[in-house]
Amino acid sequence: MYFLGLGLILLLLKFLELGPVATWSWWVVLAPFGLAVAWWTWADWSGYTKRREMEKMEQRKRERIEKSKEALGMTPRRRR
């Protein structure tokens, strides 16, 4: 996502001809988009994206279970 944001900023600067980016080659300006595609391809191929999603789902599940236990009064009591 960072590559995409960087690419959009560089593209805007190149289009508006602002700062030193105006003199840069188009290859340099468009390179972050290629890096974003490479990153997403690797993330999907390696299973990184799926693992992250499963970790988020497990965390939500644990939070939901804890919230249900608290609502039912099933949490362990603290010793005084």
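Q: How are α2 and α3 oriented to each other?
A: In this predicted model, the axes of α2 and α3 cross at roughly 70°, and they are therefore roughly perpendicular to each other.

Q: How close do their axes come?
A: The axes of α2 and α3 come within 4 Å.

Q: Nice. Which residues make that contact?
A: From α2 there are Trp39, Trp42, Ala43, Asp44 and Ser46. From α3, the contact uses Tyr48, Thr49 and Arg51.

Q: Switching over, what angle do α1 and α2 pack at?
A: Helix α1, residues 2-16, packs against helix α2, residues 26-46, at an angle of about 160°. Angles over 145 degrees count as roughly antiparallel, so α1 is roughly antiparallel to α2.

Q: How far apart are the axes there, then?
A: For α1 and α2, the axes are 8 Å apart.

Q: Left-handed or right-handed crossing?
A: Left-handed, as α1 passes α2.

Q: Who's touching whom?
A: On the α1 side you'll find Phe3, Leu4, Leu6, Gly7, Leu8, Leu10, Leu11 and Lys14. The α2 side brings Trp26, Val28, Val29, Leu30, Pro32, Phe33, Leu35, Ala36, Trp39 and Trp40.

Q: How many of those are nonpolar?
A: In the contact of α1 with α2, 16 are nonpolar, with one polar and one charged residue besides.

Q: Okay, pockets. What volume does the largest one have?
A: The largest pocket has a volume of about 180 Å³.

Q: What lines it?
A: The lining is Met1, Trp39, Trp40, Ala43, Tyr48, Thr49, Arg52, Glu53 and Lys56. Both α2 and α3 (48-72) give two or more residues to that lining.

Q: Which helix gives the largest share?
A: That's α3, with five residues in the lining of the largest pocket.

Q: How do the lining residues divide by class?
A: The lining of the largest pocket has five nonpolar, one polar and three charged residues.

How values were computed. Residues are numbered from 1 along each chain as its sequence is written. This is a predicted model: local features need pLDDT of at least 70, side-chain atom pairs count only at pLDDT 80 or more; totals for chains, interfaces and linings use all residues. Side-chain values use heavy atoms; hydrogens and water are left out. Axes are lines fitted to C-alpha atoms, for helices over the stretch in contact, and angles run from 0 to 180 degrees between N-to-C directions. Angles under 35 degrees count as roughly parallel, over 145 as roughly antiparallel, 65 to 115 as roughly perpendicular and the rest as oblique. A crossing is left-handed if the near helix is turned anticlockwise from the far one by less than a right angle, and right-handed if clockwise. Contact means heavy atoms within 4.5 Å. Ala, Val, Leu, Ile, Met, Phe, Trp, Tyr, Cys and Pro count as nonpolar, Asp, Glu, Lys and Arg as charged, and the others, Gly among them, as polar. On a 1 Å grid over the protein atoms alone, a cavity is a set of points where a 1.4 Å probe fits but cannot get out, and a pocket is an open set with protein on both sides within 12 Å along at least five of seven lines; lining residues have an atom within 4 Å of a point. Grid points are joined across faces, edges and corners, and a volume is the space filled by probe spheres set on the points.
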